[in-house]
Amino acid sequence: MTRWLQSGRRRDLCVLLYETDRLRGQSLKTRLEDHYDTHFDSKSFYGALDWLIQQGFVEKRTEGIHEAYALTEAGERRVEEHFEWMREKVDGGQPSEQ
């Protein structure tokens, strides 16, 4: 699997974007900070987003004076693959009920 999953911050940014159509950068940062109950340096936060954009997992859109971020199809696929891998580990290798 690709390196993006080796970074918890990048993975969690993708998970947060997965549940919504798109989010403005500050809103995404706030949601991540709320989840971890901590403050993230803007430079490292946006660095993680930039890396995801460069790899084709996230796209950036301009909305007026704000930047908004959304998962690409490749990003959605990676989140789903990681979720299935986690489900297998948590369920002890049992197939999921659907």
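## Aromatic pairs

Y36 is partly exposed in this predicted model. Its relative accessibility is 38%. F40 is buried, at 11% relative accessibility. The structure holds two aromatic pairs. In one of them, the ring centres of Y36 and F40 are 6.1 Å apart. The planes of these two rings meet at 90 degrees, so the pair is edge-to-face.

F45 and Y46 also pair. Their ring centres are separated by 4.8 Å. Their planes stand at 85 degrees, so this pair is edge-to-face too. F45 is buried, with 0% relative accessibility. Y46 has 27% and counts as partly exposed. In general, such a pair is described by the distance of the ring centres and the angle of the planes.

A charged residue also sits over an aromatic ring. R10 lies over the face of W51, 4.1 Å from the ring centre.

## Overall layout

The chain has four helices and three strands. Along the sequence, they follow the pattern α-β-α-α-β-β-α. Of the 98 residues in the chain, 32% are buried.

How far apart in sequence are the contacting residues? Take the contacts between residues at least 6 apart in sequence. Of these, 46% join residues at least 24 apart.

## Helix α1

Several residues of α1 are buried: R10, D12, L13, C14, L16 and L17. R10 is the residue placed over the ring of W51.

Which elements do the buried residues of α1 pack against? Three helices are on the list: α2, α3 and α4. The strands β1, β2 and β3 are on it as well.

## Helix α2

Helix α2 runs over residues 25-36 and has 12 residues. From its first C-alpha to its last, α2 reaches 17 Å. That is close to the 16 Å expected at 1.5 Å a residue.

The buried residues of α2 are G25, L28, K29, L32 and E33. Viewed down the helix axis, they fall within an arc of 135 degrees, so they line one face of α2. An α-helix has 3.6 residues a turn, so residues three or four places apart point the same way. On the other side of α2, D34 and H35 are exposed. The cover over the buried residues of α2 includes α1 (8-18), β1 (23-24), α3 (42-54) and β3.

## The loop after α2

D37 follows α2. This residue lies in the loop between α2 and α3. Is D37 buried or exposed? D37 is exposed, with a relative accessible area of 73%.

The backbone of D37 deserves a look. Its phi is near 50 degrees, a positive value in a residue other than glycine. Most residues other than glycine have a negative phi.

Strand β2 covers residues 58-63, and strand β3 covers residues 66-71. The two strands pair in the antiparallel sense, over six bridges.

β2 and β3 form a hairpin, with two residues between them. G64 sits in the turn. Phi of G64 is positive, at about 65 degrees. β3 is also among the elements that cover the buried residues of α2. It belongs, too, to the elements packed against by the buried residues of α1.

## T72, between β3 and α4

T72 lies in the loop between β3 and α4 (73-90). This residue is buried, with a relative accessible area of 17%. The cut-off for buried is under 20%.

What does T72 touch, leaving aside its neighbours within four places in sequence? T72 is in contact with G56, F57, V58 and E59. T72 and F57 are 15 residues apart along the chain. Their C-alpha atoms are separated by 5.3 Å.

Note on methods
Residues are numbered from 1 along each chain as its sequence is written. This is a predicted model: local features need pLDDT of at least 70, side-chain atom pairs count only at pLDDT 80 or more; totals for chains, interfaces and linings use all residues. Side-chain values use heavy atoms; hydrogens and water are left out. Two strands pair if DSSP finds at least two bridges between them. The expected span of a helix is 1.5 Å times one less than its number of residues. Buried means under 20% relative accessible area, exposed over 50%, partly exposed in between (1.4 Å probe, protein chains only). The arc is that of the directions from the helix axis to the C-beta atoms. Contact means heavy atoms within 4.5 Å. Rings of Phe, Tyr and Trp (its six-membered ring) pair if their centres lie within 6.5 Å; planes under 30 degrees apart count as stacked, over 60 as edge-to-face and the rest as tilted. A charge sits over a ring if NZ of Lys or CZ of Arg is within 6 Å of the ring centre and within 35 degrees of the ring normal.
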